[in-house]
Number of protein chains: 2
Amino acid sequence: MLLEQGLITCSIGTIYYLRDAAIIFERGCEVIVRKGVTAKDVAKLAGVSQSTVSRVFFEGAMVSERTKKKVLAAAEELGYGPNEFARSLITNRTKIIGLVMKGVKNPFYPHVLKEFATAFKRLGYSILFVHTNNDEIQKDDIMTLLNYKVAGVIITDATLSLKVTEDFKANKIPLVFFNRKAGMKDFFSVCTNNYEASRHIAEFLIQKGCEDMVYISGNHDTSTSREREMGFVEVLKKHHVHYKKYTSDYTFAGGYTTGQQMVTENKVPSGIFVANDIMALGVLGALRENGISIPETTKVIGFDNIDMSAWPTNSLTTWEQPIVEMVEQTVRYMMAEIKEYSGVSGNIEVQGRLVERKTT
Amino acid sequence: MLLEQGLITCSIGTIYYLRDAAIIFERGCEVIVRKGVTAKDVAKLAGVSQSTVSRVFFEGAMVSERTKKKVLAAAEELGYGPNEFARSLITNRTKIIGLVMKGVKNPFYPHVLKEFATAFKRLGYSILFVHTNNDEIQKDDIMTLLNYKVAGVIITDATLSLKVTEDFKANKIPLVFFNRKAGMKDFFSVCTNNYEASRHIAEFLIQKGCEDMVYISGNHDTSTSREREMGFVEVLKKHHVHYKKYTSDYTFAGGYTTGQQMVTENKVPSGIFVANDIMALGVLGALRENGISIPETTKVIGFDNIDMSAWPTNSLTTWEQPIVEMVEQTVRYMMAEIKEYSGVSGNIEVQGRLVERKTT
DNA sequence: AAAATTAATGAATACGTATTCAAAATAAAA
DNA sequence: TTTTATTTTGAATACGTATTCATTAATTTT
């Protein structure tokens, strides 16, 4: 049947093998259809009521040790687990956190994803992953989250339209922007202190003897890029250091292109601050390819401290964003808001630190 | 209140600012508590029954165009969306796909994640993301998926114990191993044709003049690594080419260490096949650092064709795993099984292709 | 031992939807 | 128009759990 549907052909049209298909298919039909085990079934087997079974699986409910043991044994035997939907229908809350992410291709974010997944799992929460292609999250993505009655939402990489944010407020669903500030002031965000960090960076490069500088921005409309630029430029101005800004897009390719451009224009400066690491690696690639010696001629510093930056081949000086700490803060706020919604807005700024390597 | 809980301090103990906290907090309290809008509310506003509202939101149900319009308008006004839990409780199926992933730090997988997210969103499915640290997925992760009554499960990076697999069969939940074959033969998997690919690779290196070879494996217990080794070694044996095997772990660090080890042991061969790209980049780093010229002295080839391999600085020759096609196949199988469960087992093998760059 | 208190349990109900079945409205045929 | 067929709707019910309230069992106090 699968063969009839052409399922086993791959897109170039060749038919590949389907091991033991027929046999297994027959076996597939033989499988005994065990219906979904419910609390009722467990109750019957354990000789108690459904309520009692429910209580056994509900943290902190009142059950005697003896019946608890009995029920758990029955549950184990039947392979029972509480239906999360029925559960959520009653409690009107879920153990799901919506996580919205855009730039999965920047290694920074998979790392963040991993940390969130680990942290929330420990707390008994699951993650509904939403990928968005747009800088501004679309209405239907949000509707999905709303309809699943998620306990909270974390947006790592994008912003929201005002219209949509109201839905969250109205439904009392806590919302955190991670590594991004929302356009409006009315939400909570967790970021590195970009402003302070970029001031440090500027002073560091100046102290290293750089006399003309370049700032390579990420996507222009992001709060991170703007803040990093602001702090950096402020310090440069104070020291009367000449600088130029290139606008890029937070990708390796973007960094590489910008690097090439600087070489072509013959405008390679002595110090470059790149708004994130992955772009910085692109810049490095372009400069090194053109025989520019780093750090002698030009010093390059990135932002994030992704794993790759530490690789001996790259050895990129950068500003570390303490992912674990940022995640910790986010989770903490989230859990507090889930417990008792306040809708408070604000911004937690976490301090990072300079990681000096061979590009400066 | 948040301040009392110490939420606004970051872990180094400093207190950072919470913008407009008090004001917003007060405002937060003012927010009108709109209760979750239900079909009943919409029905009342639209002047129809709850059943009718339900039908409007249920694909293919019988409603007149006129009432549909009326209901949709009312729904829009109230911001209504069907409660997915109540819905799932009735239908006993969800629009959620469980996606289990281990190696998020290997760029190959974020890319896979993105493709899955995109493909399933188009089909109206959401993704429950499960991160696992272990090669073999743990019971409680699986219970989560089971309890959420996911429509299907994709496991990208790990395997399952036999005990657990039975739960899926029993609940008729389709399961696909992506880029990994299950230990037992009873499941469905989608992979690149690793065996054929590695034969090609062996022949390619031989033809390029390599006379002694090294294979650097990933985690030993993975099917991918074993298959890649098998094909590679078979061809080498046929041509009486000397080879040696190093066991590594699919990480950059692992590759780097292995590269260093080869240099130290003075056993750098003329051709190296590394079981994935990220390790290959580690190997490259180590070799280049030790002044070994590539591709003149040694040729290196990876597997995956992750974005980074194409970066000019790396320019790694590799075997491309056609992610989009693999995802497509997986989704196709999944949807067919969701529509009508067969439990058929088998293996779709997708052809990749050699991408020749500067390391060979 | 009796009374009073506390702990443990079960019966009944609500959550928000899909779905069945019967009734009503509409369209088509006579 | 009347009859028949068809489309559209509403009332009632089920899904699997948490929870309330009343009841029973166990424990403590008198």
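1. In this predicted model, a backbone N or O atom of Ser64(B) sits 3.1 Å from a phosphate oxygen of DNA strand D. Chain A also reaches the phosphates of DNA strand D: for Ala39(A), a backbone N or O atom is 2.5 Å from a phosphate oxygen, and for Ser54(A), an N or O atom of the side chain is 2.2 Å from one. The elements that supply two or more residues to the surface near DNA strand D are helix 3 (50-56) and helix 5 of chain A, along with helix 3 (50-56) and helix 5 (84-91) of chain B.

2. There are 26 residues around DNA strand D, and those that come nearest are Ala39(A), Ser54(A), Arg87(A), Thr52(B) and Thr67(B). Of the atoms of DNA strand D that come within 4 Å of the protein, 57% belong to sugar and phosphate. Sorted by class, the surface near DNA strand D consists of 12 polar, 11 nonpolar and three charged residues.

3. The largest nonpolar core contains 142 residues, and Phe116(A) and Phe116(B) have the most contacts inside it. A separate core of 45 residues lies apart from it and includes Val150(A), Phe85(B), Met143(B) and Val150(B).

4. What does Phe116(B) contact, leaving aside its neighbours within four places in sequence? The residues in contact are Leu99(B), Ile127(B), Ile154(B), Phe178(B), Val327(B), Thr330(B) and Val331(B).

5. Helix 7 of chain B (residues 139-147) has as its buried residues Asp141(B), Ile142(B), Met143(B), Leu145(B), Leu146(B) and Asn147(B). The cover over these buried residues includes elements from chain A, namely helix 5 (84-91) and helix 6 (108-122). From chain B, it includes strand 1 (96-101), strand 2 (126-131), strand 3 (152-155) and helix 8 (162-170). Just after helix 7 of chain B, Lys149(B) adopts a positive phi of about 50°.

6. On cysteines: the structure has zero disulfides over all chains. Is Cys191(A) buried or exposed? Cys191(A) counts as buried because its relative accessibility is 1%, against a cut-off of under 20%. Cys210(B), at 5% relative accessibility, therefore counts as buried too.

Terms used. Residues numbered from 1 in each chain as written. Chains lettered and ligands numbered in written order. Predicted model: local features only at pLDDT ≥ 70, side-chain atom pairs only at ≥ 80, totals over all residues. Heavy atoms only, no water. Disulfide = S-S within 2.5 Å. Buried < 20%, exposed > 50% of the residue type's maximum accessible area, 1.4 Å probe, protein only. Core = buried A, V, L, I, M, F, W, Y, C linked by side-chain atoms within 4.5 Å. Contact = heavy atoms within 4.5 Å. Helix = DSSP H or I, 4+ residues; strand = E, 2+ residues; numbered from the N terminus. Near = heavy atom within 4 Å. Polar contact = N/O pair within 3.5 Å; in protein donor to acceptor, adjacent residues only side chain to side chain. Nonpolar A, V, L, I, M, F, W, Y, C, P; charged D, E, K, R; others polar.
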